[in-house]
Number of protein chains: 2
Amino acid sequence: MAHDPLAHVRDLFDLDDDVVYLDGNSLGAPPKAVAGRVRDVVERQWGRRLIRSWSEGWWEAPERVGNRIGRLVGAAPGQVVVADSTSVNLFKALMAAVRNTDRSEIVVDAGTFPTDGYIARSVAELTGLALRPAPPEELDLRDTTAVVLLNHVDYRTGRLLDMAALTRQAHEVGAKVVWDLCHSAGVLPIELDALEVDLAVGCTYKFLNGGPGSPAFLYVPRNAQHAFEQPLTGWTGHEVPFAMSAEYTPDPGVSRARVGTPDILSMLALDAALDVWDDVSLADVRAKGLALTGHFMRLVEGLPGIGVLTPSDEWRGHQVSLRHPDARRLVEELAERQVLGDHRPPDVLRFGFAPLYNTFDEAERAAAILKELL
Amino acid sequence: MAHDPLAHVRDLFDLDDDVVYLDGNSLGAPPKAVAGRVRDVVERQWGRRLIRSWSEGWWEAPERVGNRIGRLVGAAPGQVVVADSTSVNLFKALMAAVRNTDRSEIVVDAGTFPTDGYIARSVAELTGLALRPAPPEELDLRDTTAVVLLNHVDYRTGRLLDMAALTRQAHEVGAKVVWDLCHSAGVLPIELDALEVDLAVGCTYKFLNGGPGSPAFLYVPRNAQHAFEQPLTGWTGHEVPFAMSAEYTPDPGVSRARVGTPDILSMLALDAALDVWDDVSLADVRAKGLALTGHFMRLVEGLPGIGVLTPSDEWRGHQVSLRHPDARRLVEELAERQVLGDHRPPDVLRFGFAPLYNTFDEAERAAAILKELL
């Protein structure tokens with residue numbers, strides 16, 4: 001393969017060389033910096049400084065770490081907060097998006113990751129709007145559409161949507177758009193500010209490597225923050241939380257999207273994990289992701305019984321999804337041979353390629369073992 | 001002081017002996033077991049086992065750790081789940097409590113911790129019910145009251161409410177009751193099942209020592225689970241999450257209160273922290289808490305300018321709240337002398353006594369230094 005400008009980055013990860021880890025689109029591998037940072041949080045920050053640590057960096061961590069993610073998704077500082085789960089952030093985003101609307105429907109990507117559809121249904125029921133699932137290529141947005149919720153990369157097929165075109169499509173009819181960046185944040189150039197995206201959410205435990213269940217993020221652009229009103233009015237979103245006042249006055253900025261006390265262990269594990277991007281160009285990451293997935297697809301195309309679900313053009317994320325009637329068994333047998341991918345029922349095998357740590361050699365080893373098993 | 005049956009438990013905590021830590025009601029001190037457990041989670045479970053750990057104990061952690069907390073609050077297994085923050089759980093609990101009600105009001109403790117009042121207000125606005133703040137001694141519950149939300153221990157004064165009597169009072173008019181156990185879970189005998197409490201929430205980072213921002217818990221009694229419907233319908237509350245089906249079907253049990261992917265680092269830090277209760281009797285914990293707070297109150301009563309807010313009878317939790325016009329300065333000067341309490345504006349000094357690690361000697365050192373400062 002061509003020169004890999006990210007080859008040295010793998011050394012920043014704590015990964016066994018005998019494992020071919022192709023599930024970073026589900027749970028990213030741990031950057032080496034995480035273990036030491038977490039130890040410091042537990043033993044020094046919590047153990048020695050105790051309650052004092054809240055005023056020594058903990059309280060502002062959701063905004064500070066949010067800014068680091070903002071840099072990876074094209075958001076200027078002060079517009080991203082790290083808090084809660086993706087599902088909870090979707091609820092906040094959709095409730096805020098339809099608040100005071102005179103429009104009558106929410107549109108959701110028909111092939112969405114389930115939680116997005118479930119939360120959209122719940123918001124529709126709470127607010128009396130209709131929910132209309134639609135395929136991204138036929139969204140049929142109208143002047144009755146309040147908001148459309150789209151997954152940037154389809155979790156099942158790996159298809160990448162055209163954020164610029166679809167955001168424009170929504171805005172042309174006066175609808176808002178909420179982007180779910182779970183499968184794209186950190187591994188593709190994203191330009192939330194430049195595209196004037198209305199709201200975005202994403203998780204941090206996939207390609208951002210924050211650790212299992214690490215807190216999610218929410219983007220609220222500055223000019224929309226004053227109107228961002230959501231029903232999870234927890235005390236940490238208050239303008240002056242420690243005034244302990246009886247009335248809720250939301251923070252004027254993105255902190256109004258905070259709810260309860262931030263989860264510091266996981267937040268600062270994520271903070272440490274984000275260090276791997278310090279000297280990395282997202283253009284290099286994207287180029288390597290396309291090269292890795294392309295190489296793997298070429299190696300497995302035509303294997304007996306295998307169908308390729310992932311687009312072969314550039315409109316794909318960094319996963320390759322294959323179909324095979326025995327998908328579950330194959331994923332299990334691959335795991336026995338130290339190739340870790342995952343299975344999505346009924347018949348999909350998913351292989352995630354994390355450009356920061358996966359190698360072309362790994363793509364070849366995985367393809368060779370799959371070929372043997374078939 | 002009398003023999004302390006819990007004296008040996010302090011050795012289970014990683015605390016400096018030159019610090020008098022009286023803020024465990026805000027952030028509990030770290031049990032020694034936490035550091036090693038978290039290291040194992042990061043380095044072995046995440047680093048070596050990677051995605052496989054989800055099926056090696058992670059997925060069920062919210063219910064398993066929930067059962068451990070259940071044992072401390074009088075809940076039989078299968079009724080407590082650890083997830084999200086207290087604020088988010090309050091939202092679920094109140095939304096579920098008023099669903100399909102034909103009653104017209106929510107009542108909330110007028111002196112509640114702010115987040116409870118904010119979330120109650122939000123639920124009232126979403127559902128069209130009225131919100132009526134009322135002092136616990138004059139709740140004036142009626143046949144129009146859908147639900148009453150009460151703090152078991154008042155965060156400001158340390159007053160303990162009579163859970164049995166107030167729960168009965170609610171049930172007599174056919175209202176539900178939601179108890180916030182943030183300041184009582186783990187340090188007082190609580191009998192949720194026996195008292196037929198409708199719903200309860202609590203945080204785990206105070207007297208349960210789960211670590212900064214560790215996930216909160218939610219109690220839904222078994223006979224109410226089938227009717228527990230809440231709008232945060234995230235995928236992990238689904239009956240068969242990995243079927244990835246388009247329609248949301250809630251889990252038949254308490255797992256329907258789950259939302260997004262559980263936060264494993266913090267969840268398993270909490271799990272390790274809970275080990276300290278393995279050989280401890282809650283009756284001993286309660287007796288020591290009353291003795292510690294009583295001893296401290298006797299030592300500071302009558303100091304110049306000091307008023308005692310905390311009840312002197314047994315209707316108190318394990319904190320002592322004092323009033324003084326210079327409360328903020330005093331808390332700062334105490335901290336300079338290694339006595340850590342906290343300040344609640346405008347004029348309250350709070351001292352939490354965690355029976356598992358605080359000592360009578362510490363109560364005396366804190367009182368002596370306060371006396372010097374005055």
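Biologist: I'm new to this one. How many salt bridges does a search of the whole structure find over all chains?

Modeller: The search comes up with 54 salt bridges over all chains. Keep in mind that this is a predicted model.

Biologist: Let's take one. Which residue does K288(A) form a salt bridge with?

Modeller: With D4(A), and the closest N and O atoms are 2.9 Å apart. K288(A) sits in helix α8 (residues 282-300) of chain A, while D4(A) is in the segment before β1 (20-21) of chain A, so this pair ties together parts that are 284 residues apart in sequence.

Biologist: Are K288(A) and D4(A) buried or exposed?

Modeller: K288(A) is buried, and D4(A) is buried too.

Biologist: Now chain B. What do the side chains of R68(B) and D275(B) meet in?

Modeller: They meet in a salt bridge, at 2.8 Å from N to O. R68(B) belongs to helix α2 (residues 61-72) of chain B and D275(B) to the loop between α7 and α8 (282-300) of chain B, so parts 207 residues apart in sequence are tied together. D275(B) is partly exposed, with a relative accessible area of 26%.

Biologist: And what separates R365(B) and D361(B) in helix α10?

Modeller: About one helical turn, because they are four residues apart in helix α10 (residues 360-373) of chain B.

Biologist: Let's turn to the nonpolar parts. What is the general idea there?

Modeller: In soluble globular proteins, nonpolar side chains tend to be buried together. Here the largest nonpolar core has 157 residues, and those with the most contacts inside it are Y21(A), W179(A), L181(A), Y21(B), W179(B) and L181(B). There is also a second, separate core of 62 residues, which includes L90(A), M95(A), F91(B) and A97(B).

Biologist: Zooming in, which residues is Y21(B) in contact with, leaving aside neighbours within four places in sequence?

Modeller: From chain A, Y21(B) meets L50(A) and I51(A). Its contacts in chain B include L15(B), L27(B), L340(B), Y357(B) and E362(B).

Biologist: How do I read the relation between the two chains? What rotation superposes chain B on chain A?

Modeller: A rotation of 180°, with 0.0 Å of shift along its axis and an RMSD of 0.0 Å. The two copies are thus related as by a two-fold rotation axis. The same surface serves both copies, with 100% of the contact residues of chain B recurring in chain A.

Biologist: What is the general way of sizing an interface?

Modeller: The size of an interface is often given as the accessible area lost when the parts come together. Between chain B and chain A, about 5900 Å² is buried, and carbon and sulfur atoms give 65% of that. W46(B), Y118(B) and P212(B) supply 13% of the area that chain B buries against chain A, more than any other three residues. As for residues, the contact takes 71 from chain B and 71 from chain A.

Biologist: How many salt bridges and polar contacts are counted between chain B and chain A?

Modeller: The count is six salt bridges, along with 21 residue pairs in polar contact. Take E43(B), which forms a salt bridge with R39(A), the closest N and O atoms being 3.6 Å apart. Among the helices of chain B, α1 (33-46), α3 (86-98), α4 (114-127) and α7 (264-273) each supply at least two residues of the side that touches chain A. The largest share of that side, seven residues, comes from α1(B).

Biologist: Where is S87(B) placed?

Modeller: In helix α3 of chain B. S87(B) counts as buried, at 2% relative accessibility. A polar contact of 2.8 Å joins the side chains of S87(B) and T115(B). Across in chain A, S87(B) is in contact with residues including G234(A), W235(A) and V259(A).

Biologist: Last stop, P212(A). Where is P212(A) placed?

Modeller: In the loop between β7 (199-202) and β8 (217-219) of chain A. At 1% relative accessibility, P212(A) is buried. Among the residues P212(A) touches are L27(A), W46(B), W54(B) and W58(B).

Note on methods
Residues are numbered from 1 along each chain as its sequence is written. Chains are lettered from A and ligands numbered from 1 in the order in which they are written. This is a predicted model: local features need pLDDT of at least 70, side-chain atom pairs count only at pLDDT 80 or more; totals for chains, interfaces and linings use all residues. Side-chain values use heavy atoms; hydrogens and water are left out. A nonpolar core is a set of buried Ala, Val, Leu, Ile, Met, Phe, Trp, Tyr and Cys residues joined through side-chain atoms within 4.5 Å. Buried means under 20% relative accessible area, exposed over 50%, partly exposed in between (1.4 Å probe, protein chains only). Contact means heavy atoms within 4.5 Å. Copies are superposed by least squares on the C-alpha atoms of residues with pLDDT of at least 70 in both. Buried area is the accessible area (1.4 Å probe) that two parts lose on being put together, summed over both. A salt bridge is a side-chain nitrogen of Lys or Arg within 4 Å of a carboxyl oxygen of Asp or Glu. A polar contact is a pair of N or O atoms within 3.5 Å; within protein, one must be able to donate a hydrogen and the other to accept it, and residues adjacent in sequence count only if both atoms are side-chain atoms.
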